[in-house]
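The sequence and structure are shown first.

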Amino acid sequence: MQNNHMSHPHGHPAGMMHGGVMPKKNELRLVFWELTARCNLKCVHCRAEAQMERQEDELSTEKCFGVIDDLCKFSSPILILTGGEPLYREDIFDIAEYATKKGLRVALATNGTLVDEKAAKRIKESGIKRVSISLDGSNAKTHDSFRMIPGSFDSAFNGIKNLQKEGIEVQVNTTIAKHNEDEVPDILELAVKNNLKALHIFMLVPVGCGVQIADSQMLDKQKYEDILSWFYDKTMELRGKIELKATCAPHFFRIMHKKAKDAGITITPETHGMNAVTKGCLAGSGVMFISRKGIVQPCGYLPVQAGDVTKQSAEEIWSGSEVFLNLRDTGLLKGKCGICEYKKVCEGCRARAYYEKGDYMEEEPYCIYEPIRVRTALTGDK
């Protein structure tokens, strides 16, 4: 199972955003849909705690079509089909094709190991515009040890090549933790060398199996800051060559705004691409996650129920859920996030706050930055 947010998603395909247009406030832009928990890998950080057998509570094909109809009544989001391993669903291409015919842009988040030439052709025929494949190391040794299956690195790369032959955009998602923190430059080099469309990096969020490895694998705050600062510099240096996006790493947007200001650069889509028209945490304000059972959460890493698409309309959940309304109100943020001058562009990771404090509106625990109001209180300056 990949740590998919399709950048967002274990990553969202930000490059698929609608033409660089500034989104409306609280417009549903990305839906991450966990179609199954089945998977052929045993990744140590898996959010879905993947299993081999089909679960009886997976939504049927017809119910999936109904959810798509429901979404289209009030929104036109990018639909990211994820899992588990979504290619384990026999009807995956029927679902993708149905969503495409309804006018949605569809992406697929996969571990890549099942993408042979035939699957790549079916992916293209079903209308899927972009595929994200997870690479958690710059080499087979690192990646395979994290994915817990020998050969998964080479299989993923075969999948990438098969997709590229069909002309499908390929995005690599990399979950950064202690096992690969020093390999990020090599992973970027690998992505550029292989003409990949995008590299989206994710900072480990302790949910699912990730809870068990949090203490041993979470980066310390300074390392987190250093990697995101380096990554920002690379987004500017490689602009036009590869799309770079930091996901589940809202501090990136604080770093971006500060560095751009220090350099005298105005942040626009021309200077900063899609990063100019988005913000750090989009959970509940631009992003919705639907589980294989139809349970709606703000994102795949924040296990707080906002609704159930088998019992309510998606629009009703999106517009009226108390969880979503709370997340859209930055005035409710607590601790240093609540008084931070960057809160509207960052907002902190609500899932990590929930993991540490049991409250998704608490301060982001993995942020090193001290807001001006905290610093002035400590020094007594006005």
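Is Arg122 buried, exposed or partly exposed? Arg122 is partly exposed, its relative accessible area being 30%; buried denotes under 20% relative accessible area, exposed over 50%, and partly exposed the range in between (1.4 Å probe, protein chains only). The model is predicted, with local features needing pLDDT of at least 70 and side-chain atom pairs counting only at pLDDT 80 or more, while totals for chains, interfaces and linings use all residues. Residues are numbered from 1 along each chain as its sequence is written, and side-chain values use heavy atoms, with hydrogens and water left out.

Across the whole structure, 21 salt bridges are found, each being a side-chain nitrogen of Lys or Arg within 4 Å of a carboxyl oxygen of Asp or Glu. Among them are the following pairs.

| Salt bridge | Closest N to O distance |
|---|---|
| Lys165 and Glu117 | 3.7 Å |
| Arg122 and Glu125 | 3.7 Å |

Helices are DSSP runs (H or I, at least four residues), as are strands (E, at least two), numbered from the N terminus. Lys165 is exposed, at 60% relative accessibility.

Arg122 and Glu125 are three residues apart in helix H3, and therefore about one helical turn separates them. Glu125 is exposed, with a relative accessible area of 57%.

Both Lys279 and Glu347, by contrast, are buried. Salt bridges also link Glu34, Asp57, Arg292 and Lys293 in a network.
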